[in-house]
Amino acid sequence: MAGEALAAARAGEDAVAVDLVTGYLSGSPEGNEEIRELVLLLFAECSSMVGALGSGGATPVKMQVFDEEGREVQIDDADPPVRTAIRALLAEVHGDQDAASEQIEIALANGAPQELATVVLQALRWTLKLAIECETRDLPVASWITASLDDQP
């Protein structure tokens, strides 16, 4: 499912990508747990790719947040679901899977459906961007991610 969601996001079909994750999984009895696991999988893959890019890459990886007008904003000034996604990713990058999981739990427990959709979409977009950059630099990318990228024209 993660691969299908990545392929949809790559094709610019954000709503389809989010629905693949949240729509399908939220209908199951373990929906929130499955959504949490899928988002954590995406962040874990992002973390691996950030590590690969940072360890041998000529350019360090930098986290930036932009508002609707394209201006950079501080992480603490970003919309709550974007802050949640950033904090989860940073926790994962720093090897703190428990903190990453806690951030996703907060989004699942307290966030409105649109906020959860924003977290899912951020995870998908970052996974795509990092995978494309890793492929460009001939760095390793998980095979399931590569397969979802190869499905696109």
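**Figure 1. Packing of helix H4 against helix H5 in the predicted model.** The axes of helix H4 (residues 80-93) and helix H5 (residues 97-110) come within 7 Å and cross at roughly 165 degrees; axes are lines fitted to C-alpha atoms, for helices over the stretch in contact, and angles run from 0 to 180 degrees between N-to-C directions. Helices (H or I, at least four residues) and strands (E, at least two) are DSSP runs, numbered from the N terminus. H4 and H5 are therefore roughly antiparallel to each other, where angles under 35 degrees count as roughly parallel, over 145 as roughly antiparallel, 65 to 115 as roughly perpendicular and the rest as oblique. The crossing of H4 past H5 is left-handed; a crossing has this hand if the near helix is turned anticlockwise from the far one by less than a right angle, and is right-handed if clockwise. From H4, Thr 84, Arg 87, Ala 88, Ala 91 and Glu 92 meet Gln 97, Ala 99, Ala 100, Gln 103, Ile 104 and Ala 107 of H5, contact meaning heavy atoms within 4.5 Å. The residues of this contact of H4 with H5 comprise 6 nonpolar, 3 polar and 2 charged. Here Ala, Val, Leu, Ile, Met, Phe, Trp, Tyr, Cys and Pro count as nonpolar, Asp, Glu, Lys and Arg as charged, and the others, Gly among them, as polar. This is a predicted model, in which local features need pLDDT of at least 70 and side-chain atom pairs count only at pLDDT 80 or more, whereas totals for chains, interfaces and linings use all residues. Residues are numbered from 1 along each chain as its sequence is written, and side-chain values use heavy atoms, with hydrogens and water left out.

Figure 2. Phe 43 lies in helix H3 and is buried, with a relative accessible area of 0%. Buried means under 20% relative accessible area, exposed over 50%, and partly exposed in between (1.4 Å probe, protein chains only). Apart from neighbours within four places in sequence, Phe 43 contacts Ala 85, Ala 88, Leu 89, Glu 92, Ile 104, Ala 123 and Trp 126. The C-alpha atoms of Phe 43 and Ala 91 are 9.4 Å apart in space, although the two residues are 48 residues apart in sequence. Gln 97, a residue of helix H5, is partly exposed at 45% relative accessibility. Between Gln 97 and Phe 43, 54 residues apart along the chain, the C-alpha separation is 9.7 Å.

**Figure 3. Arg 36 in helix H3.** Arg 36 belongs to helix H3 (residues 31-56). Its relative accessibility of 11% counts as buried. With neighbours within four places in sequence left aside, the residues in contact with Arg 36 are Ser 101, Ile 104, Glu 105 and Leu 108.

**Figure 4. Helix H1 and its packing against helix H7.** The axes of helix H1 (residues 2-10) and helix H7 (residues 143-150) cross at roughly 40 degrees and come within 8 Å. That angle makes H1 oblique to H7. The crossing of the two helices H1 and H7 is right-handed. Ala 2, Gly 3, Leu 6, Ala 7 and Arg 10 of H1 form the contact with Trp 144, Ile 145, Ser 148 and Leu 149 of H7. By class, the residues of the contact of H1 with H7 are 6 nonpolar, 2 polar and 1 charged. Of the 9 residues of H1, 7 are buried, so H1 is largely enclosed by the rest of the structure. The buried residues in H1 are Ala 2, Gly 3, Ala 5, Leu 6, Ala 7, Ala 8 and Ala 9. Arg 10, also found in helix H1, is partly exposed, with a relative accessible area of 38%. Gly 12, which follows H1, has a positive phi near 85 degrees.

**Figure 5. The cysteines Cys 46 and Cys 134.** The structure holds 0 disulfides, a disulfide being a pair of cysteine sulfur atoms within 2.5 Å. Cys 46 is in no disulfide, and the nearest cysteine sulfur, that of Cys 134, is 9.6 Å away. Cys 46 is buried, at 0% relative accessible area. Cys 134 likewise is in no disulfide and counts as buried at 0% relative accessibility.
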